Amino acid sequence: MAVDSVRGLKHFDLLEKGDITGMLEKSNRDIVAYGDDNLEYENMATTLTGIYFNISGQILFHVGNTRAYLFSGDYLTCCTKDHTAIQEAKDAHQSIEDIPSNIITACMGGGNELSMKDYLVVENIEAYLTNGNMLMLTSDGIHDYVTDDEIKAVYGQVKNREFSRNKDLKDML
């Protein structure tokens with residue numbers, strides 16, 4: 001349902017941050033209502049991170065513990081902040097030792113329309129996307145098991161392979 005809310009977007013729609021926020025809030029209400037109407041889906045929830053591209057710019061949207069990473073030169077930066085109990089403890093400079101890693105503090109759905117409202121991040125990201133920069137979206141199936149250094153190493157291999165491939169093409173011409 002969350003993906004359905006953004007699936008129909010077209011690059012020529014020229015949506016702005018408020019439009020994206022409104023669509024995601026409607027999707028959140030729909031998820032909650034579906035759970036209310038179908039007991040087997042009561043309290044169902046999801047996280048969502050995405051990027052909307054159109055001719056006038058790019059908009060990043062995020063709620064939960066999925067992430068957007070920016071690769072720029074030799075640097076890797078996480079552009080989103082996890083909405084988890086562990087992240088909240090880290091932000092408050094508290095111990096994370098006894099906190100389960102699966103506690104999400106914000107999501108779409110979850111049986112509560114307010115579970116997303118105060119956490120949803122929607123921002124313009126044109127400044128991130130300069131020539132040669134790349135964005136990568138991940139779920140916790142990646143970033144809970146692969147370190148940022150490992151992600152950066154793979155990116156470096158891909159970047160070097162692309163450079164090599166482009167150099168080989170230029171040499172052939």
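Predicted model: local features only at pLDDT ≥ 70, side-chain atom pairs only at ≥ 80, totals over all residues.
E3 covers residues 57–63 and runs antiparallel to E2, with seven bridges joining the two. Together with E7 they make an open sheet of three strands, ordered E2-E3-E7, with antiparallel pairing. Which strands stand at the edges? They are E2, residues 48–54, and E7, residues 121–124; each has a single partner strand, so one side of each is left without a neighbour in the sheet. From one strand to the next, the twist averages 15°.

Helix H2, residues 17–37, lies across E2, E3 and E7, and it runs at about 155° to E7.

Next, the nonpolar cores. The largest has 14 residues, of which Ile-20, Leu-24, Phe-61 and Met-108 touch the most other members. H2, E2 and E3 each supply at least two residues of this core. There is also a second, separate core of six residues, including Ile-51, Ala-68, Leu-70 and Ile-125. In soluble globular proteins, nonpolar side chains tend to be buried together.

Finally, how confident is the predictor? The mean pLDDT of the chain is 81, and 82% of its residues reach 70 or more. Confidence is highest in helix H3, residues 85–91, at a mean of 94, and lowest in helix H1, residues 2–7, at 64. Over residues 166–173 the pLDDT falls below 50, and this stretch has zero contacts in the model beyond near neighbours in sequence. Thank you.

Terms used:
Residues numbered from 1 in each chain as written. Heavy atoms only, no water. Pairing = 2+ DSSP bridges. Helix = DSSP H or I, 4+ residues; strand = E, 2+ residues; numbered from the N terminus. Axes fitted to C-alpha atoms, helices over the stretch in contact; angles between N-to-C directions. Contact = heavy atoms within 4.5 Å. pLDDT = per-residue confidence, 0-100. Core = buried A, V, L, I, M, F, W, Y, C linked by side-chain atoms within 4.5 Å. Buried < 20%, exposed > 50% of the residue type's maximum accessible area, 1.4 Å probe, protein only.
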